[in-house]
Each structure stands twice: as C-alpha cells, then as structure tokens.
Amino acid sequence: MKFQIEDVTVYFPYDNIYPEQYSYMVELKRALDAKGHALLEMPTGTGKTIALLSLITSYALSKPSNPIKLLYCTRTVHEMEKTLAELRLLHQYQLRHLGPAARILALGLSSRKNLCINPAVVSAENRDSVDAGCRKLTASWVRALAVENPNIPTCQFFENYEKAASEAVLPPGVYTLQDLRAFGRDKGWCPYFLARHMVQFANVVVYSYQYLLDPKVAGIISKEMQRESVVVFDEAHNIDNVCIEALSVSVRRQTLEGATRNLSKMAQEINRFKATDAGRLRAEYNRLVEGLAQRGNLPISDTWLANPALPDDILKEAVPGNIRRAEHFLSVLRRLVQYLHGRLETENVEKEGPVAFVASINSQAGIDQKMLKFCYDRLHSLMLTLEITDTDEFLHIQTICDFATLVGTYTRGFSIIIEPFDERMPHIPDPVLQLSCHDASLAIKPVFERFQSVVITSGTLSPIDLYPRLLNFNPVVSRSFTMSLTRNCICPMVLTRGSDQLPVSTKFDMRSDPGVVRNYGRLLLEMVSVVPDGIVCFFVSYSYMDGIVNTWNESGILKEIMQHKLVFIETQDVVETTLALDNYRRACDCGRGAVFFSVARGKVAEGIDFDRHYGRLVIMFGVPFQYTLSRILLARLEYLRETFQIKEGDFLTFDALRQAAQCVGRVIRSKADYGMMIFADKRYSRHDKRSKLPGWILSHLRDAHLNLSTDMALHIAREFLRKMAQPYDKAGVSGRKTLLSEEDLEKMGDGTTNEMLF
Amino acid sequence: MSGEVLKRARYKTSVKDSGVAGVLKMTEDKFVFMPNDPTSSARFDVEFRFIKGHKFSKGGSNKPALLNLTQDSEKGGGYIFEFENYPDREVCREFVGKALAKFSEASKAGSEQSAVKLFDEQLSTIEMERRIKLLREDSELQKLHKQFVLSGVLTEAEFWATRKKLLDGNTSRTSKQRVGFKSAMISDLKPLTDGRTNRVTFNLTPEIIHQIFAEKPAVHQAFLNFVPNKMTEKDFWNKYCRAEYLHCTRNTVAAAAEAAEDEELAVFLKHDDILANEARRKIRRVDPTLDMEADQGDDYMHLPDHGIFRDGSKEIIDPQYEQYRRTLSQDLNRHAAVVLEGRPIDVELEDTRTVAEALAKSKRVEAANEKSDGSVTRERLERISRMTEIEDLQAPRDLPFAALCIKDPRDYFDSQQANALKTLGDTLAGSKQIKCSLSTQEAYGSLRGFISEIKSVGLSDPIVKPDIALKVLNGLTQNISSTKFHLGKNPQESVLDRLPIITKEELLHHWTSIQELLRHFWSSYPITTTYLYTKASRLKDAMSQIYPKLQEIKESVQSDFRHQVSLLVQPMLQALDAAFAHYDADQQKRSARSGERPNGFV
C-alpha cells in the first residue's frame, strides 16, 4: 500500500497496516524533519523493523536532491540477515511501484570471517585467525614481494578486485552476507573489501553496533559516513551495556605473559631491521614527527582498527618524542607490563580512579599520561613498519596498549578494579585488573554528535525517561506505543506459588530449596503436557540453569518432561547452541514439540525469535537480577547514583525487568500470533517490580492473574489455548480497528492524523 | 517340533473318574493311548485334527495334573489324562499346543490355498499369501469369497480387482512402522550399586547400545576399530562403563588422571572429535537467522580481555581439564538431535557388530547425499523470505496444492458407481429408464401425449398429486412413529437388533452379497467385450437367484417384524430391479442394433 504522511509518500509492502505502525512512522518522520534524535518503544510483534525501513527509505525517495543515508545497527549477524530480508521485500515492492527510480544499494557488512570466500583463509578457527590469514595474503608489502617472487602466495580474489579497480562496484540491490559472497564468487572479487568500499556509496548499510560504537572499529569503517545519515539502533534496550563493554578492558596474568612474549618478538624484529633495512625505521620516525593524521591514506588492506575515541585535535598532534623511536617505545611498554605485573600481585581488592592510576604509573614507571594515550597508535604504526602479518599472535600486547590509551584518555566515568580472586572461588588465585567503564554516554557520544538523527528503538525501553539520562542525549521525540490487539493474543501471568501452594522464587536464600526446584519442575511438567509445539524457558543464569536441570534429571522430572517434548539447552558454546536451536525449530516444525532452556542474559534471549509455533509459552523462572556482588556492578551503581541520581535498587530492578520483558517478548511476531508468558517468581507480584514491565505487557496482565499457583495457571493456559484456536476477524471489532487499509488511511488523512485509535 | 512324546498317564472319562493307567504317546498328527491292562477297552488312536482345544488344571501340590483334550462339540466329550507329575504334564501340554496350532493353520491355509489355486492364474506366492491372510482375517470377506468365487459367479481376479486397495494397504501395514529412539536419555543408564560391596553394575541392552552408537560417534568409531581385534566386546563395554562411571562422579581431575594412563579409556572421556567436526559441517547449513556462530566473528567482545570479564555470568574452568568435562546439557542436546533425526537403520538389534557396521554405512550414505544437494540452500532462502513476511498484514497466500491425480481410474469409477447406486437405492427415480437417443418423431409423440393429457386433466397447479402426497405422508409418519416408538429410547439400538438373529444375519449377508454383485455388475457397463457380456449375464443370474430369497425372508418372519423387514429389503429389491431393468434395456438395445451395426458397438 501507498499513503501520505504529510509531504512524504510512504511505500509499505503490505496491503494493510497496524495503527501503531502508522503512528510510529508519523513520530519518526517528525524526528527526521527536526533533524534530531528519537527514542521509540514499540512492542515486539508489531512490525517495528518494516515500519522503520519503509518510512526512512520512502523519506529518502521523496527528497531526491539530498537523500539521507540509513545506517541500521543490529545486535547480531542473524538480526542483520532478518533486517535485510525485510528490506528486500520492501525494495521489491518499491521497484514495482516506482520503477528504476526506487533503486537503492543496501548491504550488510560483517567481519572477514563472515565474508571471506578464500577457502584457505576462511577455514581458520576464529575471527582473529581469519583476519591474520587475510592480512598474510593481502598486506601491501606481501603483495609487493609477490610481484618479484611468484612463490609467495596472494589472495586471487583480492588481486582480481584490485585489478578491476574502479570497475569493481556492486550494482544496486539488497545484499545479505550470503548474496555478497555469492556475488564475489561470481565475479572473482573479494566480497569483504568490495563491501567495505561500497559502504560509502550505499543508501542503506546494515551492520553491527560495534561498527559505530566501538571506537576501534568505527574509526575506519564509519568515518566516511556523511552527517546526513539516520542511525538506527534496533533492539537497543541493552545499548548502555554495549557502550560500556566497548570501553572496558581487563588484564590477567596470561595477558601480561603473552604481552612479554610479544615484546621480545618485536625486539628481535627491530634488531633484524636495524641490520638489514635501517631506513625503514627512520622513515617511520619522520612520519611520526608529522603526526598521525596521514594514517587514513594507508592502503585499504593495511588499515588497522583505529584508536579509541580520540578527539580530532589529537590526531593532528605529533606523537610524543620519547616514544617515537621504536626501541624507546618498546622499553616503555616493558615498564608498563612490569608495573601491571606488580599491581596484580596484590592480596586485597583494590579500586582506583583513572587519574590516581595514571599518577601512580607516572611515579613508579615513569610513563606520563600523554605517552599512555598514544600507545595504541604507536603500536600499530610499529607493527606496520615491522610488517607483522600474523596479528592474531599479537593480541595481548594490543590489549595492553588499548588499556593504556583508555586510561590515558579518560579521566572520569571509569574505575580500575583489581581482584586477586573470584569471590565465589576464593581458593583459586586468579588475579585480574579490570578497567571498567561506567558511563554509557562516553562511547555513544561521538555518534550523537556526528549524525543528525539517531533513532533508538526496541520493544522494551521502559521506563523511557531513563535512557536519555543514561546515554546523555536529548531526543526530540520520545514515545512509547502500546499494542492494539484484535483479540487478547498475549496472556501474561504471574505465578507465585507452586502446586503445593508454597511460594516460588529465585531469591538467593530460596533458589536452592528443593521445594522450589521441585515446584518449578512440576510447573514445566504440567505445561508441556498442555501446551502444543514449542515452549521456551528462561533461567536467571547459566549456573542456576545447570543446577536446576541436573536436579530435575536426578529426580526424574526431566525424564517425564521428555515424554512429552524434546529438550534442548543453550550452552556457552555458540556452535552447539546454534545447532540446538536449529534442531528445536525442526522439532517444532515436524509437530514433535520441544522445550528450549535458555538464559535470560544469554545470546538466545538477545536475538532469537520464538514466534508462532516456535514458542507458544515462555516461562521466566525467577527475576534475572545481575550478580549483585560483582564489584564492577557495585562501582557502576555508585557512579550512577553520584552522577545521575539513580538509586541502586531502581537501576537493578529496571535492568532485571527489562531483561525479563525482553525474554518474554520473543513469542509474538504479529497480531495473528499468540503466546503465553509466565513470570514464575513471587517477587513479580509486588508492585515496585511489576510496574517496571513495559506497558504492552502490563495492559494485558489482569488482576486475576497476579497471584497464581500452578494448578490455576494450568487452567488459564487451557482456556487461553482453546480460545486462541478459534477463527477470528482480523480487521478487529467495529469501532476499534486494529488493521488499517489504504482507504482507512486516506479517510484519516482528511482529518487530523493525530486522531489515532488508541 | 520334536518327533514324539511318551508319558505315563491315566485316562479318565470324567474328572472324578479314577481312570485307567497306561502310556500316552503323542506324534505330530495324532496321539495314542495304550492302557497297561491290555484287556481294557480304553485304547484309542485319535488324530489331532479332531481335537479342537485343550485345557489343563492349575499347578498345585495336592491337585492332580490334568490335561483335557476337547473334541468337537457335536461329537461331545474329550480325553482327560492325569499325569504323575506336573513336569510330565507340561511337556505334553506344550506338545499338544504346538500340534494343534500347526494343524489348524495348515488346515485353514490348505483349504484356501486350494481354493485359490482352482483358478489357474499366475500369482506370486506373496500375492497369494496376502490374499489368504486377508480372507482369514475377515470372515465376512471369506464368506463372500466362498459364495461367489467358489461357485463360479466371479473369477478370482474379478473378486480381487475391486479390492486392490485392501491388498495395497496391507503391504504397507506389513512393512512395520519403524520405531524411533526412545525419548528417555541413555544417561538413564544408571549405575546400580548393591550397597554392600564397591561393585557397580551397568545394564546394557542392544537397544541402548544402538542408541549409544548413534549419540556418540566416538564410541561407535572406537568399537569399529577395537572390537574384536584389540579387545573383546565385553572388555570394550567394561571400559565404556568405567568411563561413564567416572563421568557421573563428575570428577574431572580423576578422569584426566585415568585417561592419561589408559589411552583407550581416554577415547571415551575426551570430547568427541567426530561430533565437533559434524557440528562444524552442520553449522554451515543452519538457518542464517539463527546463526549465532556468525556473531562470533562480528562481536568484538570476544577479543581476549575485552569487555567486562568477571560479571558473574561466566564460569571458570581450568583449561587443562576442559576436555574431560562433559555436561548434561551437551548430552541433552545431542540426545534430542538424535531422536529427532530418527533411527537411520533398520536392522535387528541382536548383534552389536552388525549394528555398528550398518550405522557406519548409513552415515557414509548421508554424507554423500549432503554434498549433492544444492536445492537446500535455495529452499532455505525461500523459507526465510516467507518467514519475514507479516502474515496478517496481507491477503492470505494461496496454499500450496497438489493437482488431482487419479492413480487407478478403474477404482475411481467403481466407487462412483457404487455411490450412484446408493442414491439409486434411496430414491425411486432410478427405476425409471431414461432413454437418451430419441428420434424427432418419438419426442414429438411424447410431447403430444403430454399435451393431450394436460388438456383432458387440466393444468394441475401442484405438481405432486395431493392424494399421492397424502398417501406418502401417511406412510412416512406411520413408519417413523412406529420406529420411533420402538427405537427412540436407545440410540444405539437399531431396527436390526430387534429382529431374530438368524434373520438379521441373513439380511446382512444378503446385503453385502448384493452389494458385491451390483458393484461388479455396474462396473461391467458399458459392455465393450464379450467377456464383459458374459460376466454381466452371469451376475444377473446370480442376482436373480438372490431375489426370491429376499422374498422368502420377508415372508418367513413373524408378522410384527414383517413391516420392518420389508422396509429393509425394499432398497435391496429396488437396487436389484434397477440392475435388471438396465440389463434388459441394454439387451434390447443390443438386439435391436445388432442388425444395423454388424461390427458390434462401443
């Protein structure tokens, strides 16, 4: 369908539209018009992604003179694939209606590991080996040598791509990672470098959060994006955590040992160069005197993950004199490693601010703040000069330099915590020095400053006023949409008591109580016998899940559950989890039915949908609080209280409830879908906890469902499933339309667009 | 069956009788009793085919060990023997049981086999066996078969031609449904301790072994490698159980220590490399919207020491023992995957070696298949694009459909004719013959007739004549009310149940035989060959024989049932009448046209 929102003709690939999608678009358009940032919460299962894509591409089409670029950030690669699939659908529709004028270039961008097609390189184990393997074949000096000596292997895909030079372009279209690989194979061009190159010309780029948030990556990948771009962070409820992680580094004994090895390897190399090619080191020195600014002119295959969020003026500054010479720099690093070694030897937990820490380094190791700040760049300059290609071997020293640069750059919002052992296992010495970032706004600040519109959207952003504070920005539009339902297709319940009427909870003093474990088991057992197809269970942590599943196994409950459905579990091994998920879906597809055990903060909860028959019921066992004794968390809470006046308890509850809401929200995909959600913990019945749930769940949480026991929940589940199996009128009952057609929208367009139906 | 049995026993005419002591000798087809006292008259020699069954007394110390061989009911009585002890009795009883079973089977099969062979057809033995089996299972069918085929109304082939489905369905039933793996985990293979000693017992059945092979390729591989060259099967499983035991004690350090000493044991304790390879292969084929592995490359958090390290969600394990750690979750996932895949092989679970080899073979086949399929990726992409659509925002898609394809047109038309016949039986209209090829003159004549009729009677507004309508209505109400009166109370009870049993059975039998005949009758039209012609006339003769029988039934029943019976018989008669009428009309047409078209007609 095609309709007007003010001056923009929106092309929407479906015949009908949900009213909330329409108002979402209206709000989004206002934010784009105002060239400001937006914060939008819309329940899952209302087609958020397609509404976003459809409005922004239509907006760009309506302003052909100055088309905006869309940078769409997803949490994970599989979400990237989903988004691109939706975009393809939309693009096909727009092409049908507008013809060639609607042509756009949209592509997904990922690391070499997901894009490389050179079989020799891509077969490597992990990302770093793939990166290093690629660099060994494509680095400029390797290729220079290969010209003289044909025995040196190069990558034929990269050579072809280089040969094609300006010819090497992607024709307009929508490219998923797989399409890129296929295209590359077809043409014989390297898809990774092709995609990297095409990013500047693309209308839509879909990539991971890190490509914008992590300064190391953003520096090279996102530096050429124009200001007139719309940046969308989808599923952004965890964005503060991502920001924090992007700027946190930890140093362990293994890191230091590895770094020492790296340093001696580099010293050898330097000596070798001194003997054979002293001119090269001198050239580097001269380059450093002029400053770092020329770094951008390196060949594309040589570029490094750039420095952490350095203000622009620093780039023009010259590298401090005392680390310009390679051997001087190495000795500085040695002293730094030595110093960190000393700090790790502590017996007690220590906590320091960055300023005190830098001062202590200065006094004990003689390294000042400015030297620290340039460590990362200086290292990479040196590694380039030394023509080091096996970068995966040098990760440890990179970590150290990363740490040094962060410590040297930021004076607030960080703390350094040294723990001699994990407090849950005090007998195993495992010292760790952690530089942890507390302020999410630090990482995201450059993004807000650089791009005219940043849209942060998710199904769970409640309470919506907290995010602007955490991220320190001012949205022009900040709204939370509820869901207009044709029928009550979601059924949230709070289960407080087990089948024996005793309370259930994962509270620390109750969670290992055999009665609670048994009650949880009985709950699941009863449910598997009633609910068809897929059931998803979320536990509060891996260790809790392991424990409870083991207990169920020993007491025979698991065996009984398996009589009804197959059981799959998320593990810390991603490959295994992926295969388990794939099998889970197959089990649901073939009608066998299955249960998936997952963890509330795990990878599955983050991005996998359990829509339709893949999930008819989600059980959230317990409240997924963070591990509250973690010192990093405590430090962050303290920082939040001091800086933003956010109370510890409030933040913890907010964080736990957004995770819970995120978990249960995975069952609904559209209004034709239906699913039940059970919050199995007595604490959910308390108002202070419950009220933090997003509005679209709260509005369906009936008072009668607030304090249930297993048998009552079972009864409700039976009733609900029976009701949902009946046919219904999709357009909604008269008066409250939940599905709008083109005519409906036209009619509304005559009057005021504000007059929405909910 | 071993040749014969010879036991001391007492022959009794009744249980209370003291009996005659003697020797009972049993051979395959008969039993002989010889009394010790040669003058006694209780000497006999009976063939097993006269024996219908056998009974025996329950075992107990003070009760006599009796065996009663019962004879046909009309001949009356049986042979009761008392044995000296129970073991003797048991031996005889078993022998008798076997003999009887064999005999009854042989006799039954024999009679039917001969029946089938009467008609010299080239049938495979399998086909024959199937037919015999069907006949044996379905007494109704057997009766029909006897009635028509043996009497020559239908040929064997004709009889079976309409029952193709029955035969086919049977084949699928004979290839028995494959049983999948059990949902229960093999970790249910719990060690049993006897409590007193430190001995631990494991129970392995072929079923469990098969499952172990399927779930743990490393064990499977090891079995193929080690047994029987390097160790015996028993040793192998001993070792396996030892590893399992170590695993369930969850002592990774101990496991590592043991594994270091014994390299074969290490195979069981370490991670399964084959599984890991398989996983790597499978992960490439996984739905990209699920592929979390792809994130690993994209997620910069995994760089060593980046991100928040000790946030309480990660578990710490000494990497040295990592490979000896096996979690329940891994087992669960693996188990569920195997169950979902189903049992790949279909062999008897007797010999472990054959199971292992068959499994290895099926794996190779699977791997070979995997390489060849390119369409899978396309299918997967289509699936993704279908899944991204929001279903209720657009008009429902056309569901995929398969074009109608009638495999066996004959079968289809047969069933259609049967349907037509049924409606024919229900309404009277069927009995009227409709003549389709009319000459203009004929048409004109009949039209004139109608006109003149209308002229004389006048145009009656109601199409149905009132008096006839009234009559029908009265008849119906009477009929309904009387039946209602008798039957209304019990929905299960039908008119048939109220009739005498013999009448009921006769009626039912006639009904099925008429149906059978009619089915064949109508299926032979249009008559195109002389074969069909003779068949039709043969069928007509058979039907005309049934006709008077129906009348007989009607007359034989008592007056109060007569109405009911006639109601029941009525549709049968009508159906037969329709068939006769059709036959006659066809006959006439045939004789009329035979002159005009000497070539016969189509």
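Some ground rules come first. Residues count from 1 along each chain as its sequence is written, while chains are lettered from A and ligands numbered from 1 in the order in which they are written. Because the model is predicted, local features need pLDDT of at least 70, side-chain atom pairs count only at pLDDT 80 or more, and totals for chains, interfaces and linings use all residues; side-chain values use heavy atoms, with hydrogens and water left out.

How far does the predictor trust its model? For the complex, it gives an ipTM of 0.80 and a pTM of 0.70. The pLDDT is the predictor's confidence in each residue, from 0 to 100. Chain A averages 86, and 93% of its residues score at least 70. Helices (H or I, at least four residues) and strands (E, at least two) are DSSP runs, numbered from the N terminus. Contact means heavy atoms within 4.5 Å. Residues 752-758 of chain A also stay under 50, with 14 contacts beyond four places in sequence.

Now look at the sheets of chain A. Strands of a sheet pair through backbone hydrogen bonds, either parallel or antiparallel. Here, two strands pair if DSSP finds at least two bridges between them. One open sheet has 8 strands, in the order S6-S5-S7-S4-S8-S13-S3-S14, and its pairing is parallel. Its edge strands are S6 (173-175) and S14 (475-480), and each pairs on one side only. Neighbouring strands of this sheet are turned by 15 degrees against each other on average, direction ignored. Axes are lines fitted to C-alpha atoms, for helices over the stretch in contact, and angles run from 0 to 180 degrees between N-to-C directions.

Zoom in on one pair of strands. Strand S3 (residues 37-41) and strand S13 (residues 453-458) of chain A run parallel, joined by 4 bridges. Ala38(A) has Val455(A) in S13(A) as its bridge partner. Helix H2 (residues 48-62) of chain A lies across S4 (69-74), S7 (204-208), S8 (229-233) and S13. Helix H2 runs at about 165 degrees to S4(A).

Strand S4 of chain A also holds Thr74(A). Is this residue buried or exposed? Thr74(A) counts as buried, because its relative accessibility is 1%. Buried means under 20% relative accessible area, exposed over 50%, and partly exposed in between (1.4 Å probe, protein chains only). The side chain of Thr74(A) reaches the backbone oxygen of Thr76(A) at 3.1 Å. Beyond four places in sequence, the contacts of Thr74(A) include Glu79(A), Val206(A) and Tyr209(A).

Chain A has another open sheet. This one has 7 strands in the order S17-S18-S16-S19-S20-S15-S21, with parallel pairing. Strands S17 (566-569) and S21 (708-709) are its edges, each pairing on one side only. Strand S15 (residues 490-497) and S21(A) run parallel, joined by 2 bridges. Leu495(A) stands opposite Leu708(A) in S21(A). Helix H23 (residues 514-530) of chain A packs on the sheet, touching S15, S16, S18, S19 and S20. Its direction makes about 180 degrees with that of S19(A).

Most residues other than glycine have a negative phi, and most peptide bonds are trans. A cis peptide bond joins Ser462(A) and Pro463(A), with omega about -10 degrees. Pro463(A) sits in the loop between S13 and helix H22 (466-471) of chain A. Glu235(A) is not a glycine, yet has a positive phi of about 50 degrees. Glu235(A) is found in the loop between S8 and helix H13 (239-246) of chain A, and counts as buried at 9% relative accessibility. Asn472(A) has a positive phi of about 60 degrees. Its loop runs between H22 and S14 of chain A, and at 53% relative accessibility Asn472(A) counts as exposed.

Finally, turn to chain B. Chain B has 22 helices and 9 strands. Of its 602 residues, 37% count as buried.

Definitions and conventions. Polar contact = N/O pair within 3.5 Å; in protein donor to acceptor, adjacent residues only side chain to side chain.
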